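Hi everyone, thanks for coming. Please have a look at the model on the screen, and I'll walk you through a few parts of it.

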Amino acid sequence: MNLCPCFFRLKKGHGGSFRFLSQPIFWISDLQLPRRGPGGGRHQPIRVSVHPPRRNRTSGLSPASLGAGRGLGAKPAAATSRSRKNMAGAAGPGTGPGTGPGAAGGDGDDSLYPIAVLIDELRNEDVQLRLNSIKKLSTIALALGVERTRTELLPFLTDTIYDEDEVLLALAEQLGNFTGLVGGPDFAHCLLPPLESLATVEETVVRDKAVESLRQISQEHTSVALEAHFVPLVKRLASGDWFTSRTSACGLFSVCYPRASNAVKAEIRQHFRSLCSDDTPMVRRAAASKLGEFAKVLELDSVKSEIVPLFTNLASDEQDSVRLLAVEACVSIAQLLSQEDLEALVMPILRQAAEDKSWRVRYMVADKFSELQKAVGPKITQNDLIPAFQNLLKDCEAEVRAAAAHKVKELCENLPIEGRETIIMNQILPYIKELVSDTNQHVKSALASVIMGLSTILGKENTIEHLLPLFLAQLKDECPEVRLNIISNLDCVNEVIGIRQLSQSLLPAIVELAEDAKWRVRLAIIEYMPLLAGQLGVEFFDEKLNSLCMAWLVDHVYAIREAATNNLMKLVQKFGTEWAQNTIVPKVLVMANDPNYLHRMTTLFCINTILLDFSALQEEVKPVLQKLGQDEDMDVKYFAQEAMSVVAQRLRKLDLPVKDSDEPSAPGADKNHFLRPRGPGEDAGKEC
């Protein structure tokens, strides 16, 4: 006999008899297996006899032992869905061992059939079927029980590690939650072999997920089991031949170190030192990314004597991908050291990183600047970080300047209150003024997203004198994202200088943009109007901006009229239906008498989008629609019929009776369709 990866043994060829490795719940006496011909084609199925196993056979897992399915690992071509059903208990009555009290008849074991299908699909040729089965691995484990999961399912999974990446990723994720399914923390070490294999595969996401599951399982080990099973696993990975295992080991040191004995701790530190000086850049990169995390669980003396030298070497590595990760570790290390140790051990490396020849390293310094500022304290910030930040704000690379601009507000907020205003005005604001007119739009956009927050820090007088001109310049910027970031943060300035000052300074610029000769500029302001209205409030909006929104409805460019209609819909959602009925609806309905057919059509489009209560629909809107339904213009008449259909549906939803004559039978239509040909002087939706 040949030992098959499946859970029953089968002689060569399909003509031989096979024996289950574990005693099934029922016996199948008339199992049909398809036989392949010499050319690979299938012959007629032949019948094989199933013999009860001998008592001295080794236990194994098979779907038959669950009451259904084939052996785990058998080729999918070996049985069809009909044969699966046969194995689920379709043995005929009175045919040998299949009969009797223990036989699974047509009903007895039907509930186990889905479990058998899952087991069967673990080796299916279809990747999606294998993936679905892996995702339901806990269901299989529950059906097998803890003992058979440990002795049969996990070894099988360990032997089948070589699969598609998405299947392995799902397996690594499932095993992280498997402790309760193998018998609890006492047996958590049984999960280590398959996860160890997954931690060495080539695909990075699979390795990362396996490491994540190993970290989770390590917390469920006792201290004794940790040293007996988990620490040896970490050592094997750290000394593996392939870089994949060594990179995975870097993420496991910090979870096993705190509960290890002193002797084992020394070995763990030695392995980590070796990985930090590994010949492979990928391993050094992984070690650098976990350096700060490992430093947090070490004793302070070990941090000074071992971690700081490692940090120094990694920060001077020839690969910039390693050096930038060392900057991230600097935050964690700085939190552990005193001011004297920081100044002597860390700051020289940090100054070097802020001036690194690689822009990626400088970018990481700018990105982590707020964390570094909190870690080193106010004194070192004033002496070292502020000059470094100034250099980052005027860096030659736009990515670095944008990252530094994002941190302007946080840097100013974290400065000591005493002397903060002076530092900002003298050392930060001059560089901010240069960035407002930067040549790169990403830099200007990053600055615009945070600059409004400086008004709460500097106060009313400084905001009016120094910041408002900058806001005004950015509000007129050609980049729409810059304008959006300014408008979306107007509430910060409003709280400091008040609505009147804001209306005198910034609002004229907004109105000027809203009436710009270029229709694309007007369109951009319309898109920001709902956000601006929410910032300023309904009273201020009615006083200053309402007339502007109504004027857009009769713009000579179709795109502006369409955007203005959508703008009204958003304003109604923000301010409410009552506001719309009192403020918007009367002005919209007046347009129904406009001699220009385009304005009458805009009235219909507004009626379609604005949600009103039944009284307004019945008393105000409906008569206008009936009038426009008799309009001399065919397009107006058509869209009036469509609007009447929409209003009728709304009235029906409001439980108001609607006469059949009130709802036209006109089909729905898009407003860009069914338009009659226009003359040369008429607007067809484009700018005149």
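Let's start with a term: a salt bridge is a side-chain nitrogen of Lys or Arg within 4 Å of a carboxyl oxygen of Asp or Glu. Side chains of opposite charge can pair when their charged atoms come close.

A word on what you are looking at. This is a predicted model, in which local features need pLDDT of at least 70 and side-chain atom pairs count only at pLDDT 80 or more, while totals for chains, interfaces and linings use all residues. Residues are numbered from 1 along each chain as its sequence is written, and side-chain values use heavy atoms, with hydrogens and water left out.

Now the overall picture. The protein chain has 38 helices and four strands; these are DSSP runs, helices being H or I with at least four residues and strands E with at least two, numbered from the N terminus. Of its 688 residues, 53% count as buried. Buried means under 20% relative accessible area, exposed means over 50%, and partly exposed is in between, using a 1.4 Å probe and protein chains only.

Back to the charged pairs. How many salt bridges does a search of the whole structure find? The search gives 21.

Take Lys444 and Asp477, whose side chains meet in a salt bridge at 3.1 Å, N to O. Lys444 belongs to helix α25 (residues 441-451), and Asp477 to the loop between α26 (454-475) and α27 (480-487), so this pair ties together parts that are 33 residues apart in sequence. Are these two buried or exposed? Lys444 is buried, with a relative accessible area of 9%, and Asp477 is buried as well, at 10%.

Next come Arg600 and Asp631, with their closest N and O atoms 3.0 Å apart in a salt bridge. Arg600 sits in helix α36 (residues 597-609) and Asp631 in the loop between α37 (614-628) and α38 (634-653), so parts that are 31 residues apart in sequence are tied together by the pair. Both residues are buried.

Now find Lys235 and Glu267, another salt bridge, at 2.2 Å from N to O. Here the pair ties together parts 32 residues apart in sequence, because Lys235 lies in helix α10 (residues 223-238) and Glu267 in helix α13 (residues 262-276). Lys235 counts as partly exposed at 25% relative accessibility, and so does Glu267 at 35%. There is also a network of salt bridges, linking Arg269, Arg273 and Glu306.

Ser218 lies in helix α9 (residues 204-218), and its relative accessible area is 0%, so Ser218 is buried. Which residues does Ser218 touch, leaving aside its neighbours within four places in sequence? They are Leu226, Phe230, Val255 and Arg259, where contact means heavy atoms within 4.5 Å.

Last stop: two helices. Helix α19 (residues 359-367) and helix α20 (residues 369-376) pack at an angle of about 60 degrees, with their axes 5 Å apart. Axes are lines fitted to C-alpha atoms, for helices over the stretch in contact, and angles run from 0 to 180 degrees between N-to-C directions. On the α19 side, Val365, Ala366 and Asp367 meet Phe369, Glu371 and Leu372 of α20.
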